[in-house]
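Here are my notes from going through this one. Have the viewer open as you read, and tell me if anything looks off to you.

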Amino acid sequence: MGERRMDGTRGDDGHADGNPAGQNHTPTERTPDSRPPETPTDHSDTTAPPPPSEPAPAPGPEPDPTSDPEPQPASDPPPAPSRSRKRRVLRRLVGALLALLLIPLLTAEAALWVNYTGDPASGTRTRGRDALWLGHAWVDGRKGERDVRDLARRLRGTGIRDLYVHSGPLEHDGTLPASAYRKARWFTAAVHRELPGVRVQAWLGDVLATETPDGLRLERAATRTAILASTRAVLDAGFQGAHFDLEPLHSGDRNYLALLDDLRDLTHARGAALSVAAHQIDPLPAFHSLAGTATGHPKWWSQAYFAQVARRVDQIAVMSYDTMQPSQSLYGGYVAQQTSLALEVTPDGTDLLMGLPFYHENRFGHWAHAETVPAAVRGVRLGLSRTDADRARFGVALYVDFAATEADWRAYRDGWAATPPTAS
């Protein structure tokens, strides 16, 4: 999803011879001079002496059979291929290359379409473990008591149990100024009063220096130590957990795993939750390696690395949007596939949440007409039905409150939460 700015918006989240075509020019055959011979002048009135006879040439030496023969003039080179022939060859090469690229892609897209067919199993609805990403306005003073009451009215009767409220971003050295979350204690108290049982977690993140020279560097021990200190501070401010979104985070990053080990020790000692926003899983084996080689931005995680992260946290929320899919059926099939891949490797003791796109943008990687809440909900239910229909620690995570429409909320309630919110 990319790191979000403190104003609640998304930040740095997150190719000549002049011949007419088709003509061959062959050398023109040269013909002898066709002019008629000159007529001799009539000299009948005079007597001309005969021309002197030319002396006979002296006999030359006999040719040496062992000597090399004199080189003969080279024959004319064959005509060059015509321009139209070159174009035909080029078109065939381009066609073959496109076929090599498109056939696997079309096969994969067809598989996603098939993934979206069928009916979800009964009972594949909310388990009361859903989450909502909230913008920064809730803890920087822009929201008040009335806003909390409206939020509570919106969430009652749904399955939302966790709120990830943006409280950063972290500085590139891992520190976090207290001014970034100065209304945190008021907000957590107001939520607990209006929505007993709902947890409020501090959503922290930053851009990583994995693809650009600037950003947070997890390989530095001092940076990881500073992140731990920032986490202690937000827990002291009243948050019941810490939710991390660090991007772009490449598959196999060992420094991230080391950070999670330390964060788990800290949060569990404080009775708090540790959760993370996770990259999507390779839709094809080793796809992150191919994407990384081709673009420098791997985007996906291997399924094995996803499992390593999931074992270290209490909740893992898959950012199952920004998928580059062009239609609802393909996007829903992609979400179904991601749900199955994540279910296969997430431990039973970890909450697995699948992200729903509560925002509307049109840009490369995301098409609002394709990535819809109804398509995502149906995809989640299909993946859950096929892989682990009775999974208890499972839910959806809604991104993000300030961009959501009434249609988004209605699709979530009708398709997943089932029960409309209670009026108050």
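Is threonine 339 buried or exposed? Keep that in mind for point 1, and remember throughout that this is a predicted model.

1. Threonine 339. The answer is buried, because its relative accessible area comes out at 0%. You'll find threonine 339 in helix α8, which covers residues 328–345. If you skip its neighbours within four places in sequence, the contacts of threonine 339 are Met354, Gly379, Val380, Gly383, Leu384 and Phe394.

2. The barrel. Eight strands close up into a barrel, in the order β1-β2-β3-β4-β5-β6-β7-β10, and the pairing is parallel. On average, neighbouring strands here are turned by 25 degrees against each other, direction ignored.

3. β1 against β2. Strand β1 (residues 130–134) runs parallel to strand β2 (residues 160–166), and 5 bridges join them. Helix α3, residues 184–194, packs on the sheet and touches β1, β2 and β3 (199–207). The direction of α3 makes about 140 degrees with that of β3.

4. β2 against β3. This pair is also joined by 5 bridges, in the parallel sense. Aspartate 162 turns up again here: its bridge partner in β3 is arginine 199. As for burial, 7 of the 7 residues of β2 are buried. In β3 the count is 8 of 9, so that strand is largely enclosed by the rest of the structure.

5. Helix α7. This helix spans residues 303–310, and its buried residues are Tyr305, Phe306, Ala307, Val309 and Ala310. What sits over them? The cover includes α5 (254–269), β5 (273–278), β6 (315–318), α8 and β7 (351–357).

6. α4 with α5. Helix α4 (residues 221–236) packs against α5 at an angle of about 30 degrees, with the axes 10 Å apart. The two helices are therefore roughly parallel to each other, and their crossing is right-handed. On the α4 side the contact uses Arg224, Ile227, Leu228, Thr231, Arg232 and Leu235. From α5 come Asn255, Leu259, Asp262, Leu263, Leu266 and Thr267. By class, the residues of this contact divide into 6 nonpolar, 3 polar and 3 charged. One reminder when you look at the numbering: an α-helix has 3.6 residues a turn, so residues three or four places apart point the same way.

7. α9 with α10. The axes of helix α9 (residues 373–387) and helix α10 (residues 406–417) come within 9 Å and cross at roughly 25 degrees. That makes α9 roughly parallel to α10, and the crossing is right-handed. From α9, the residues involved are Val373, Pro374, Val377, Val380, Arg381 and Leu384. They meet Asp408, Ala411, Tyr412, Gly415 and Trp416 of α10. The class count for this contact is 8 nonpolar, 1 polar and 2 charged. Note that Val380 and Leu384 are also among the contacts of threonine 339.

Definitions and conventions. Residues are numbered from 1 along each chain as its sequence is written. This is a predicted model: local features need pLDDT of at least 70, side-chain atom pairs count only at pLDDT 80 or more; totals for chains, interfaces and linings use all residues. Side-chain values use heavy atoms; hydrogens and water are left out. Two strands pair if DSSP finds at least two bridges between them. Helices (H or I, at least four residues) and strands (E, at least two) are DSSP runs, numbered from the N terminus. Axes are lines fitted to C-alpha atoms, for helices over the stretch in contact, and angles run from 0 to 180 degrees between N-to-C directions. Contact means heavy atoms within 4.5 Å. Buried means under 20% relative accessible area, exposed over 50%, partly exposed in between (1.4 Å probe, protein chains only). Angles under 35 degrees count as roughly parallel, over 145 as roughly antiparallel, 65 to 115 as roughly perpendicular and the rest as oblique. A crossing is left-handed if the near helix is turned anticlockwise from the far one by less than a right angle, and right-handed if clockwise. Ala, Val, Leu, Ile, Met, Phe, Trp, Tyr, Cys and Pro count as nonpolar, Asp, Glu, Lys and Arg as charged, and the others, Gly among them, as polar.
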